[in-house]
Amino acid sequence: MRKGYIQVYTGNGKGKTTAALGLALRAAGAGHKVFIAQFIKKRRCSEHKALERFSDVITVKQYGKGFILKKKPSAADIGAAQKAVTELKAIVKSGAYHVVILDEANVAVYHKLISIEDLLALIESKHKKTELVITGRYADEKIIEAADLVTEMNPLKHYVYNGIKARVGIEK
Ligand code: ATP
Ligand code: MG
């Protein structure tokens, strides 16, 4: 196994989570082990149903407790996010996974579910051969600085601004 890098998918455009899922698919195809941690999401989406078929190589764990982005996080939301950080530190450190995805971790920092220090510590504790992928809008400057690859999804157009809600099979 070669050196693993730190990737960040951020910005307001569509494609952050799906890019990470695409990478998970590619890694799984190569027989690599993948761990997907989801910070905000509580609900099961279509991708979870599809990923069940790859359960031998892809593990998905949702740590969200139902935090709504418009509200302040509750003690339960923060507690769940803290638990995620503790668990994930061991996971990224172990080297047991070729790819670890921290989906919406930037959003978790932005809404203070976890601190920026928590996320930086996760990056810091990464096994040298593990590829770490951090998604979510509002990536902190310090995360961008720590990363090797940063892609900003820029919405030249997005139907969400025309009131189109998330659709099953496309966004959820
Ligand atoms: P995808 O999961 O399709 O790759 P993403 O991970 O880039 O998208 P998120 O930022 O995680 O997108 O957004 C989650 C959901 O929030 C989207 O599916 C959409 O319904 C909604 N959304 C997306 N962009 C915006 C926006 N600019 N303003 C408000 N809501 C948005
Ligand atoms: Mg997303």
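Student: How do the residues of the shell around ligand 1 divide into nonpolar, polar and charged?

Tutor: The shell has three nonpolar, six polar and five charged residues, where Ala, Val, Leu, Ile, Met, Phe, Trp, Tyr, Cys and Pro count as nonpolar, Asp, Glu, Lys and Arg as charged, and the others, Gly among them, as polar. This is a predicted model, in which local features need pLDDT of at least 70 and side-chain atom pairs count only at pLDDT 80 or more, while totals for chains, interfaces and linings use all residues. Side-chain values use heavy atoms, without hydrogens or water, residues are numbered from 1 along each chain as its sequence is written, and chains are lettered from A and ligands numbered from 1 in the order in which they are written.

Student: Which residues are the closest to ligand 1?

Tutor: Lys14, Lys16, Thr18, Glu104 and Tyr161 are the closest of the 14 residues that surround ligand 1, and a residue is near a molecule if one of its heavy atoms lies within 4 Å of it.

Student: What makes the pair formed by Lys14 and ligand 1 a polar contact?

Tutor: A polar side-chain atom of Lys14 is 2.6 Å from an oxygen atom of ligand 1, and because a polar contact is a pair of N or O atoms within 3.5 Å, the pair qualifies. Thr17 places a polar side-chain atom 2.9 Å from a ligand oxygen, and for Thr18 the distance from a side-chain N or O atom to an oxygen of ligand 1 is 2.8 Å. Taken alone, ligand 1 exposes 610 Å², of which the protein buries 75%, with areas computed by the Shrake-Rupley method and a 1.4 Å probe.

Student: Where does ligand 1 sit?

Tutor: Ligand 1 takes up the largest pocket, so more than half of its atoms lie within 2 Å of the grid points of that pocket. The pocket has a volume of about 1800 Å³, and among its 41 lining residues Lys41, Glu104, Ala166, Glu171 and Lys172 are the closest to its centre. With five residues, α1 gives the most to this lining.

Student: Why is another space called a cavity and not a pocket?

Tutor: On a 1 Å grid over the protein atoms alone, a cavity is a set of points where a 1.4 Å probe fits but cannot get out, whereas a pocket is an open set with protein on both sides within 12 Å along at least five of seven lines; lining residues have an atom within 4 Å of a point. One cavity of 30 Å³ or more is found in the whole structure, and the largest cavity holds about 40 Å³. Its lining includes Phe39, Tyr63 and Leu113, and six of the lining residues are nonpolar, one is polar and two are charged.

Conventions
Points joined across faces, edges and corners; volume = space filled by probe spheres on them. Helix = DSSP H or I, 4+ residues; strand = E, 2+ residues; numbered from the N terminus. Polar contact = N/O pair within 3.5 Å; in protein donor to acceptor, adjacent residues only side chain to side chain.
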